[in-house]
Structures are given as structure tokens and as C-alpha cells.
Amino acid sequence: MEKPSQVEKIPSDFWLAFKTNVRLQNQAPPIKPVSRNQNLPLSFNQERLWSLEQLQPNTSVHNLLHCLHLKGVLDVAALEQSLMEIAYRHESLRTTFSIIDGQPIQIISPKIELNLPVVDLTELPPEQRQTEAQKLALEDAEQPFDLATAPLWRFKLLRLGEEEHILLRTIHHIIFDGWSHSVFMRELGILYKAFSAGQPSPLSELPIQYADYAQTQRQWLQGEVFSSQLDYWKQQLSGNISPLKLPIDYPRPAVPSYRGAYQPLELSQSLTTALKKLSYQEGVSLFVTLLTAFKTLLYLYTEQEDMIVCSPILGRHRSETKGLIGYFNNVAILRTDLSEKPSFRELLRRVSRVSSETFAHQDIPLQKVAELPNLVRTPLTRAMFVLQNIPNQSLELDGLTVSSLYVDREIANFDLSLSLQEKGGKITGGMQYKTDLFKVNNITQMLEHFQTLLESLVANPEQSISDLPLLTQIKRRQLLNSYEGSASLPQEQQRTFIAPRDELERQLTAIWEKVLGIHPIGVRDNFFELGGHSLLAVQLFGQIEKTYRRNLPVATLFQAPTVEQLANLLRESGWSAPWSSLVAVQPGGSKPPFFCVAAAGCTALGLATLARHLGPDQPFYGLEERMDGQQAPKLSIEDLAAHYIEEISTVQPDGPYFLGGHSFGGLVAFEMAQQLHAQGKEVALLAMLDTYYKGPMDSPPLPVSPPVPFRNRISQHVEQISQLGLSEKLTYLHGYFQERIGRVVKNKKRKFTEFRDRVKKKVQKTACNFYLGIGHPLPYSLRGFYLLEEKTKARKAYRMKLYPGRVTLFWAMGNSYPLQTYHNRLGWGKVAGGGLEIDGVPGNHGTLKTEPNVEVLAEKLQACLDKARREKVKVVCPTNKQF
């Protein structure tokens with residue numbers, strides 16, 4: 001057999017990644033030093049972490065801890081000088097973050113002092129020193145950083161003996177990543193050697209700094225470049241993507257935590273060799289082989305054929321960034337189609353293709369991808385896969401034996417995270433997991449299944465993943481767990497099917513099955529327990545209206561959530577039901593009621609899930625604009641507030657009142673609080689759910705970089721092409737023209753979509769005018785549109801005044817415009833005379849009230865309600881200033 005050439009030995013996906021890396025380097029403009037006499041922006045990567053820190057202050061989850069065990073005679077002064085020199089060389093280690101005109105910016109200190117504290121543990125018995133050192137390391141790692149206060153790192157030297165020390169390094173992730181650790185270790189070794197010998201630093205000055213990279217990234221990744229890269233993700237992540245249904249052992253907690261644990265894994269040298277051989281034979285990288293095996297394992301547990309797993313990306317494809325300390329990481333979403341019972345060999349090809357394409361579009365920040373409409377309700381932190389490929393930079397210090405000490409902080413950012421690396425001829429690593437969700441013995445068993453799976457796959461990669469022997473074993477275990485779980489269910493939770501008994505129930509059941517997409521449905525099955533929500537309810541009653549020519553309020557579902565109850569209600573009421581703006585979403589309970597205004601174009605039904613999570617003892621009333629189709633109100637926020645006050649007075653004549661509202665509803669609740677205060681009535685709580693400040697801002701609009709002139713762009717391309725070899729030129733030109741064609745297609749699609757939306761809106765307006773002109777009730781399909789249009793006009797006309805009380809704002813952390821959070825803080829801070837409290841909740845503007853995000857919102861809202869009930873603060877308005 002002929003010996004393969006060197007080219008043939010390299011995996012095909014490696015070659016594609018290499019070519020892509022060349023294209024990425026040549027497409028992006030060169031990183032050049034920028035003036036420090038300006039506001040320096042954050043990189044997209046930093047902005048995401050910074051936003052999370054602002055909404056979740058005083059957290060240490062982004063702190064990175066590393067411990068170096070040093071044995072031998074240590075020159076403490078040389079070590080301290082080395083650390084100070086590293087901080088001087090890298091601006092990122094002298095960077096803090098501030099807000100100017102509502103925008104986060106980098107503040108770089110010209111100099112920073114470093115005094116290395118030494119903690120003497122020699123007074124303790126020798127057997128206790130390591131334990132105490134680990135305790136001190138964990139305590140240091142748990143202390144949060146203030147991103148506005150330098151430095152964003154801490155060093156501490158623990159003295160265990162005359163010739164034994166431990167160096168603790170705690171640093172915030174926003175200025176440091178895994179590759180930065182390698183840079184740090186290399187420079188520390190070089191500098192310590194020089195300084196301990198009384199010599200100057202041999203390291204040359206860095207040509208660029210992290211702030212230069214951030215500025216270049218911001219200027220390049222916008223406009224058409226940004227859109228063309230985002231188009232790939234829109235296509236790759238299109239359609240319905242279900243969350244990964246992991247085999248958790250405990251119910252998901254109402255408030256997700258980062259509590260975690262770690263289980264190690266080590267593959268034998270023979271299995272490692274077999275995996276590398278299989279990768280070589282199939283022309284894929286070891287990363288692809290192990291990722292495919294991990295996805296196969298998850299498929300065996302979940303049987304999901306459409307699966308997403310996240311994986312970190314270094315983000316350092318520019319050669320200039322290799323020597324910098326800073327935060328360059330991004331997270332890629334790897335989606336794989338496991339349908340049609342593929343063999344493992346076929347699945348390798350699928351994963352390889354997606355991985356290579358993902359690498360080619362890695363510059364788009366994770367937060368921008370996560371904001372795609374079909375992803376906003378899909379949790380992305382279920383599973384992570386990591387194959388460590390960062391150079392393992394060993395530290396050599398003259399006269400010292402150096403090793404790293406692992407200290408488990410018991411933190412997990414993902415539900416499951418499998419991290420592997422090749423070391424000493426073996427693949428080692430382990431599973432980081434959330435202890436709120438998994439038992440340790442089941443994680444251990446999952447790792448055993450993974451090892452068994454790998455052995456089976458390397459032996460026969462042609463076997464179908466749906467026919468693996470391991471599948472039977474896993475199914476048997478899950479079935480046993482299912483029996484154990486169902487045996488503990490209360491009897492009232494066990495579903496009993498009752499078929500329709502007359503024509504009305506049969507017709508209503510058919511409508512329910514069509515709208516909910518479930519078959520069969522019994523007449524006593526609850527609409528909400530079947531997965532029904534406000535949008536489906538509107539469709540349901542639209543179908544009822546179309547079938548029976550009867551107008552019914554959607555809130556009827558609160559009274560009659562089953563087919564049987566609805567049929568009885570319709571028979572007793574003669575196919576009519578009272579319309580009211582006040583909807584008793586959850587009227588029972590002993591606590592004071594909470595009144596919440598629905599968002600524009602929405603009904604109070606959309607608040608049902610939030611009410612349920614607040615618990616049965618919390619009365620909950622929704623407020624919605626009455627729209628029975630017989631009248632078309634012209635709305636104003638002031639009139640709506642006055643009307644809603646009349647409505648809530650029928651339930652609660654006097655204060656203290658507990659008010660809230662979502663989006664536009666928050667503005668109405670704000671005006672209700674104003675009017676109640678003017679009437680001398682007390683408002684104990686005003687809670688707004690993701691309500692944008694409606695008023696002028698003192699801060700200027702965000703700056704937009706001017707477009708690069710056409711002539712300059714051509715010159716830039718010519719200059720870049722002239723520096724390439726023939727094959728790289730062809731690759732570059734192919735990528736360039738492919739991108740240009742993609743832009744043209746994308747622009748045509750965008751224009752068509754805009755035209756279609758304009759036509760649709762005009763048709764809806766014409767239809768509304770037609771129905772209203774002839775005095776006909778508006779169909780359900782038009783009522784939401786009409787209300788949304790009217791409330792948009794009302795919002796524009798509303799003038800805000802200073803409110804004397806305290807305002808609580810729950811802000812969705814997944815919103816498309818994170819800086820809006822801080823504009824809102826400035827704006828609402830102006831009109832909240834009693835102070836502003838802002839708290840971040842998961843989800844975006846539309847999903848913060850849906851599962852699983854609503855669990856966190858409900859927990860935080862309940863805490864505010866309890867606090868307000870205890871305080872019952874009443875404030876006198878000092879002025880009536882307008883904004």
C-alpha cells in the first residue's frame with residue numbers, strides 16, 4: 001500500500017479551517033494603535049460580561065483563580081517586580097470600566113502599584129497548611145471585583161515554609177482568558193530569570209494593545225460585514241429549535257444558580273490512539289470526533305434529532321493578538337441534524353461541516369446570535385463541549401520546582417460541560433455539572449457510558465447511532481426512573497382522559513386540538529397545563545368566533561380553562577360573556593392583591609404564568625383594554641390610568657396599592673400611581689417589567705462610525721491581495737465575491753421583507769377602517785393590531801412627571817440593545833423621586849414572562865412585594881416638574 005502524503009494526513013476540516021483563518025485575517029483590517037485621547041469602547045466580548053455584571057452586581061462567578069506551587073528558594077522581590085512589569089506591559093491589566101454618556105468605556109491607568117502581600121502559614125502545623133491555603137484561595141476567589149475600580153486582579157503569596165510557597169492569582173474574566181494564562185506564564189518565567197539576576201527586562205514593547213483590538217473590531221464588525229456574517233447564523237439556526245432535554249435528577253430551581261461539581265475522566269492510551277486513528281482515517285480533527293461522540297451520547301439520553309451544543313472559540317485568528325493578555329473568547333453554537341438514523345461515520349461528516357462553517361463565522365458575538373427570534377426562548381447553557389488546544393505553557397523559574405494546584409470552586413456555568421485535553425498520550429478531563437440538577441452517581445454513570453460508547457464507535461464506526469447496544473441500557477435506566485418518579489406523583493396530577501359527550505364539546509375539542517396541536521384532548525384537560533398561552537388563546541377564540549359568530553373575551557379561559565367548563569359556561573350564558581378591563585387572573589389568596597397592566601396589543605392572559613409562579617396565596621389581577629369589537633377606543637395613557645383605577649377600586653377601594661405593568665403597561669401603571677397619589681391614596685409598590693423610559697435623554701446618541709469610501713476599500717483589498725501567495729489569493733477572491741453576492745441577495749430579501757411588512761400593515765389598517773366604518777366588530781385577528789397602533793400613538797403623546805415614590809424596574813438581560821439598560825437607568829432615575837431600583841432578569845422583552853425565565857422574575861417580584869408589604873412607605877410629592 002502506498003504511503004499517504006503529508007497533505008493527505010491532515011484532516012480535511014483542518015484544511016478548511018486553515019483556509020478560513022487566512023480569509024478571516026485578510027478580510028479584517030489590520031490592527032493599528034489608536035489614540036488614547038478618546039473614549040475607548042469595549043470589545044463585543046467584554047460588553048456582554050460587563051452587561052451581566054451591571055445587572056448582577058457583587059458576583060464572583062466571572063473570577064478566574066489560579067494557584068502556583070513553588071518549591072525552592074524564592075526571590076520574593078524579583079517575583080513582585082515581574083508581576084508589576086507584566087501589568088505595565090499589558091494595558092488590559094491596568095484597565096477599568098466606566099460609563100460616559102450612557103456608554104461603557106475602557107479607562108486605562110498609566111501606572112498601577114503592586115505590593116505583593118505575604119501570608120505566613122508556618123505557625124500552623126504542617127498538616128494544616130495546605131488545607132488553610134486552599135481555604136484562603138477560595139475566599140479570595142469569592143470576593144467580587146468592582147469593574148470601575150483598579151485593579152481587576154489580586155496576587156497573594158502564601159508562605160508554607162522556608163522553601164515552599166503558593167502564589168494565588170485571582171483575576172476578572174473581562175480582562176483575561178485561557179490563552180492569556182499562557183502569555184502570563186511565559187512572560188513571568190522570562191522576567192523572573194532576568195530580575196533575579198539583576199538584569200533589565202528582555203521583552204520587547206508590544207506593538208498593539210487590547211484597546212486597539214477592541215476599536216478595530218467595533219469599526220469593522222458593523223454594517224454589511226456584520227449583516228453578512230449574521231446571515232449565516234440566521235440560516236444555520238432557522239426554524240424551531242427545542243431546548244436540550246437533559247435527564248436531570250431534580251426539578252429546575254425557581255432561581256438558577258451556579259453551584260457545581262466536577263467528575264474526572266481518563267481514557268486509556270489504547271483508546272486515545274484508536275480515536276486519533278479514526279479521526280485520521282475519516283479526515284476529521286480529534287475535536288470533531290470527540291464532539292460527535294458527545295452529541296451521540298446526548299442523543300442516546302434525549303432521543304432529540306435536532307441538537308445544539310456550545311463550544312468556546314479562542315477568537316485570536318489575528319496573529320497580532322497572540323501575544324496579548326485580554327478577553328478574546330467567544331462561544332459558538334453548534335447545531336447538528338441527527339435525523340434519518342445516520343451511522344457514526346456519516347454523523348462525523350455532518351459535524352465536521354458545521355464546525356468548519358462555524359469557524360468561518362466566529363466573529364459574531366454570542367449575544368447577537370442569541371437574540372435571533374427563534375432562539376430567544378431556547379436556553380443555550382444546557383451543554384458545553386471543550387477540547388483544550390491552548391499551548392500548555394510550563395513555568396520555569398530558576399532554582400524552583402513549579403506546579404499548578406487545582407482548587408475546585410464548585411461553580412458550573414452550564415448544566416453539563418465536558419472538557420477534555422490530550423496529555424501524556426491520554427485523553428483526560430471531566431464533566432462539570434450543576435448540583436441543583438444532577439446527582440453525582442448519575443454523572444459518574446454518564447461518563448462510564450461515554451467511555452463505553454467511544455470503545456464501541458472506534459470498533460465499528462458504520463453502526464447506526466439508533467442501533468447502538470448502549471441505547472437499550474440507557475432506555476432501561478430511564479424507564480426505571482420514570483416508574484419511580486410516577487409512583488411518587490399525587491393522584492390529582494395523574495391525567496384521566498374523558499371524551500366529548502355532545503356536539504358542542506366535540507366541536508370545541510376539535511378547535512382545541514387544532515390550535516394546540518395535541519391529539520387527543522379530553523374535555524377535562526386544562527388549557528394552560530396543555531401548554532396554552534396568550535397567543536394560542538387569541539387563536540383559540542378567533543376560531544370560536546369564526547365557527548359560531550360569537551365574540552367572547554379571551555379572559556373567559558380563566559373562568560373556564562377546560563372544554564367541559566367552557567361548554568357549560570356558554571350554555572348557561574347564552575353564548576355571551578361580560579367584557580371587563582379587570583381580569584381576575586388569580587383572585588384567591590390572603591395577601592393584598594397585585595394589579596398588573598398588560599403590554600400593548602396583549603391580553604391579561606399573558607400574565608397567567610407569572611401569577612401562577614407567585615403562588616396561590618398571592619391575588620393577581622390583570623388589566624387590559626376592553627376591546628369587544630363593538631367599539632374602537634381612542635386611547636390616552638391618562639384616560640387608561642383613570643379607567644383602570646375605577647376598575648381596581650371595585651376590588652380594593654383604598655390603598656396601599658401594589659401596581660405593576662409590562663412594557664407599555666408599565667407606563668400606564670406609572671400614571672396610575674401618579675393619579676392615586678394625587679387622590680391622597682398610598683402606592684406601596686410600583687414595579688415595571690421591561691418598560692422603556694419615555695422622555696428626553698441628556699446623553700447624545702451612540703456614535704456611528706462613518707462608512708469607508710469606495711476608493712479606500714478597493715485600495716485596501718489590492719494591498720491585502722498583493723501580500724498573498726497564489727493559492728491564498730484565490731481563496732481570498734473566492735471569499736470576497738461569495739460575500740458580495742451574499743450581500744446582494746440579503747439586501748433584496750431585506751427589501752422584499754420590508755415591502756411585505758408595509759403592505760401587510762396597510763392591509764390591516766384598511767381592514768380596520770372598513771369594519772369600523774360599517775359598525776362591524778373587529779375580528780380577533782385585527783384587534784391586537786389596532787390596540788398596538790393606538791397605544792403607540794398614546795405613548796408618543798404622553799408627558800412624564802416626577803413621581804414621588806420609589807420605582808422598581810425589572811430589566812430583561814437578553815434584550816437586543818444592552819446599552820438601553822443604562823439609558824433607562826438615567827431616564828427613570830430622573831422621574832423616580834423616591835429612588836430607582838433596577839434588577840436584571842433572564843430573557844428578552846417578549847420572553848421574560850415565559851418559562852423558564854418567569855421563575856426568576858416571579859421570585860424577585862415576590863421579594864419586592866414582601867418588602868413593600870412590610871414597609872408600606874408613603875412619600876409626599878415635592879414638585880410637579882414635567883420632562
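Which residue in β20 does Met 688 stand opposite? In this predicted model, Met 688 stands opposite Leu 809 of β20.

## Strand β19 and its neighbours

Strand β18 (residues 657–662) runs parallel to β19 and is joined to it by 6 bridges. The chain passes from β18 to β19 by way of helix α21 (residues 664–678), making a right-handed β-α-β crossover.

Strand β20 (residues 807–812) also pairs with β19: 3 bridges join the two, and they run parallel.

## Aromatic pairs

The structure holds 15 aromatic pairs. One of them is formed by Phe 594 and Phe 620, with an edge-to-face arrangement at 5.5 Å centre to centre and 70° between the planes. Phe 594 belongs to strand β16 (residues 594–597) and Phe 620 to strand β17 (residues 620–623), so the pair links parts of the chain 26 residues apart. Phe 594 is buried, with a relative accessible area of 1%, and Phe 620 is buried at 0%.

The rings of Tyr 692 and Trp 811 are edge-to-face because their planes stand at 65°, with centres 5.4 Å apart. Tyr 692 sits in the loop between β19 and α22 (710–722), while Trp 811 is in strand β20, 119 residues apart. Tyr 692 is partly exposed at 30% relative accessibility, whereas Trp 811 is buried at 1%.

## Aromatic cluster and charges over rings

Trp 153, Phe 155 and Phe 184 form one aromatic cluster. Over the face of Phe 184 lies Arg 169, at 4.8 Å from the ring centre. Arg 218 lies over the face of Phe 44, at 4.1 Å from the ring centre.

Terms used:
Residues are numbered from 1 along each chain as its sequence is written. This is a predicted model: local features need pLDDT of at least 70, side-chain atom pairs count only at pLDDT 80 or more; totals for chains, interfaces and linings use all residues. Side-chain values use heavy atoms; hydrogens and water are left out. Two strands pair if DSSP finds at least two bridges between them. Helices (H or I, at least four residues) and strands (E, at least two) are DSSP runs, numbered from the N terminus. A crossover is right-handed if, with the strands pointing away from the viewer, the path from the first strand over the helix to the second runs clockwise. Rings of Phe, Tyr and Trp (its six-membered ring) pair if their centres lie within 6.5 Å; planes under 30 degrees apart count as stacked, over 60 as edge-to-face and the rest as tilted. Buried means under 20% relative accessible area, exposed over 50%, partly exposed in between (1.4 Å probe, protein chains only). A charge sits over a ring if NZ of Lys or CZ of Arg is within 6 Å of the ring centre and within 35 degrees of the ring normal.
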